Amino acid sequence: YLPPSLAFKPAFPILKDIDADLRLSAGKVTLGDTAYGKGAASLSLRNGVMLADIAEFEIGKGGTCSGQLSIDAAGVTPQYRLKGKLDAVDVAEALLSYPAIGGTGTPTVDLTASGVTRQSMLQSLSGKLGIRLPQFGQLGVDLNALAATTRAAAQTGWAGASRGQTSINSLAADFNVFDGRMNVGKATARTGDATLTAVGSIDLQSGLSDMR
């Protein structure tokens, strides 16, 4: 259905050829087999720049989502920015493919990137991430088992510790992202009478981490 001038172009240059304003609101949103609550969003396309604004979106049991996604395709290399907040959501389902952190909390994100491929976007990814769990949650690793096994002998990988969990009473974590590497700004959790802290970084492209 595209006119001939667009038929062989990549997707993003289409933004340069379309101007539009779209506003939607619904009492119920369904994506595939998953039903959500009410939502309100707007989409603007102007001169190669797309701005999607989610004013309200109910997810989970009482959770909400709001934020903005912008794509600037006016130049040679597309530029992206994602800024948003999820409140009272299951952190594992909302952010992560592996349940490294579980519980009901408030993630925030403010990220920028550029590029046309997944690799170039990850390499340029920069900004901030934050996670707050005000009450009960879980870490996706058994820290007691990890400490015991590493005292007994050197381990390769996480060994059996990844098959368990560590219950926490609260968690506050802030991450700074620069050129595809996520550095721990501050991460503190409470488990019983103990305080857990973390320092280090994660390379998002390779998935390798260097953490203490």
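Asp 21 is partly exposed, with a relative accessible area of 49%, where partly exposed is the range between buried (under 20%) and exposed (over 50%), using a 1.4 Å probe and protein chains only. The side chain of Asp 21 has a salt-bridge partner in Arg 46, with the closest N and O atoms 2.9 Å apart; a salt bridge here is a side-chain nitrogen of Lys or Arg within 4 Å of a carboxyl oxygen of Asp or Glu. Arg 46 sits in strand S4 (residues 39-46) and Asp 21 in strand S1 (residues 20-26), so the pair ties together parts that are 25 residues apart in sequence. Arg 46 also counts as partly exposed, at 38% relative accessibility.

A word on where this comes from. The model is predicted, so local features need pLDDT of at least 70 and side-chain atom pairs count only at pLDDT 80 or more, while totals for chains, interfaces and linings use all residues. Residues are numbered from 1 along each chain as its sequence is written, and side-chain values use heavy atoms, with hydrogens and water left out.

How many salt bridges does the structure hold? There are five. Another of them joins Asp 110 and Arg 81, again at 2.9 Å from N to O. Asp 110 belongs to strand S9 (residues 101-114) and Arg 81 to strand S7 (residues 79-87), so this pair ties together parts that are 29 residues apart in sequence. Asp 110 is partly exposed at 25% relative accessibility, and Arg 81 is partly exposed at 37%. Then there's Asp 174 with Arg 132, at 3.1 Å from N to O. That pair links distant parts of the chain, with Asp 174 in strand S13 (residues 170-178) and Arg 132 in strand S10 (residues 126-133), 42 residues apart.

Now zoom out to the whole chain. It has three helices and 17 strands; these are DSSP runs numbered from the N terminus, with helices (H or I) of at least four residues and strands (E) of at least two. The C-alpha trace spans about 70 × 40 × 30 Å along its principal axes. Of the 212 residues, 28% are buried. The chain exposes about 13500 Å², with carbon and sulfur atoms supplying 56% of it; the areas come from the Shrake-Rupley method with a 1.4 Å probe, and for residues only the protein chains shown count as cover.

What about the inside? The largest nonpolar core has 24 residues, and Leu 15, Ile 101, Leu 133, Ile 168 and Leu 171 have the most contacts inside it. Such a core is a set of buried Ala, Val, Leu, Ile, Met, Phe, Trp, Tyr and Cys residues joined through side-chain atoms within 4.5 Å. Strands S9, S10, S13 and S14 (181-191) each give two or more residues to this core. Apart from it lies another core, of five residues, among them Phe 57, Ile 59, Cys 65 and Leu 86. Leaving out residues up to four places away in sequence, Leu 15 touches Leu 45, Gly 48, Met 50, Ile 71 and Ala 73, a contact being heavy atoms within 4.5 Å.

Ala 88 is not a glycine, but its phi is positive, near 60 degrees. Ala 88 lies in the loop between S7 and strand S8 (89-90) and is partly exposed at 30%. Asp 179 has a positive phi too, of about 50 degrees, and lies in the loop between S13 and S14.
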